[in-house]
Amino acid sequence: MRFSNKILTSTILVLSLLVSINQVADAQSRSSKKTTTLSSRLWYGGGLGLGFQSYAEQSSFLFALFPMAGYKVTDAISFGPRIGLSYQYLKTRGFDGKIYRFHPLELSGALFGRAKLFRPIFAHVEYEIANEK
């Protein structure tokens, strides 16, 4: 179970990265003025995950939210925090024939660094701490 949950969490992070590419590109194009105020250097984005699946004797539902805020050190480099909330409902039949239900809730926090390579493409590095309940 833990391995599939890690794969699912990784998939959600990749999807949230893809969603945030468009949002960040729009935010960076709007802040193309060369001002040095704090608000002109901040940008906001994030990701949203929603998933359903069912196969054999197992079904699951997932909802995840990952808001983030960044500070542009230069026009190409930014740093910032990200928080995350992920809820999953799993139902499966065990080898003993009983039905088991799990409701993991994951809270996470991360610090990231981002470098813009080309207009729609950037490199993203992140250190995350997650707490599963």
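Trainee: With which side chain does the side chain of R93 make a polar contact?

Mentor: Happy to start there, keeping in mind that this is a predicted model. At 2.8 Å, the side chain of R93 makes its polar contact with the side chain of E57.

Trainee: Which backbone oxygen does the side chain of R93 reach?

Mentor: Good follow-up. Leaving aside neighbours within four places in sequence, R93 is in contact with E57, K98 and I99. The side chain of R93 also reaches a backbone oxygen at 2.9 Å, and that oxygen belongs to G97.

Trainee: Which loop holds A56?

Mentor: A56 is a residue other than glycine with a positive phi, near 45 degrees. Most residues other than glycine have a negative phi. At 79% relative accessibility, A56 counts as exposed. As for its place, A56 is found in the loop between β1 (42-55) and β2 (58-72).

Trainee: How many residues apart are W43 and F112?

Mentor: A search of the whole structure finds two aromatic pairs. W43 and F112 form one of them, with 5.7 Å centre to centre and 50 degrees between the planes, a tilted arrangement. This pair links distant parts of the chain, with W43 in strand β1 and F112 in strand β5 (residues 105-118), and the separation is 69 residues.

Trainee: Are W43 and F112 buried or exposed?

Mentor: Nice thing to check. W43 has a relative accessible area of 2%, so W43 is buried. F112 has 3% relative accessibility, and that value makes F112 buried.

Trainee: Why is the pair of F52 and F61 called tilted?

Mentor: The ring centres of F52 and F61 are 5.2 Å apart. Planes under 30 degrees apart would count as stacked and those over 60 as edge-to-face, with the rest tilted. The pair of F52 and F61 is tilted because its planes are at 45 degrees.

Trainee: What distance separates the C-alpha atoms of S39 and Y71?

Mentor: S39 is found in helix α2, residues 38-41. With a relative accessible area of 59%, S39 is exposed. S39 and Y71 are 32 residues apart along the chain, and their C-alpha atoms are separated by 9.1 Å.

Trainee: In what order do the elements of the protein run?

Mentor: Stepping back to the whole chain, the protein has two helices and six strands. Reading from the N terminus on, the order is α-α-β-β-β-β-β-β.

Trainee: What share of the accessible surface belongs to carbon and sulfur atoms?

Mentor: Of the 133 residues of the protein, 30% count as buried. Among contacts with a separation of 6 or more, residues 24 or more positions apart account for 50%. The accessible surface comes to about 8900 Å², and the share belonging to carbon and sulfur atoms is 66%.

Notes: Residues are numbered from 1 along each chain as its sequence is written. This is a predicted model: local features need pLDDT of at least 70, side-chain atom pairs count only at pLDDT 80 or more; totals for chains, interfaces and linings use all residues. Side-chain values use heavy atoms; hydrogens and water are left out. Helices (H or I, at least four residues) and strands (E, at least two) are DSSP runs, numbered from the N terminus. Buried means under 20% relative accessible area, exposed over 50%, partly exposed in between (1.4 Å probe, protein chains only). Rings of Phe, Tyr and Trp (its six-membered ring) pair if their centres lie within 6.5 Å; planes under 30 degrees apart count as stacked, over 60 as edge-to-face and the rest as tilted. Contact means heavy atoms within 4.5 Å. Accessible areas come from the Shrake-Rupley method with a 1.4 Å probe; for residues, only the protein chains shown count as cover. A polar contact is a pair of N or O atoms within 3.5 Å; within protein, one must be able to donate a hydrogen and the other to accept it, and residues adjacent in sequence count only if both atoms are side-chain atoms.
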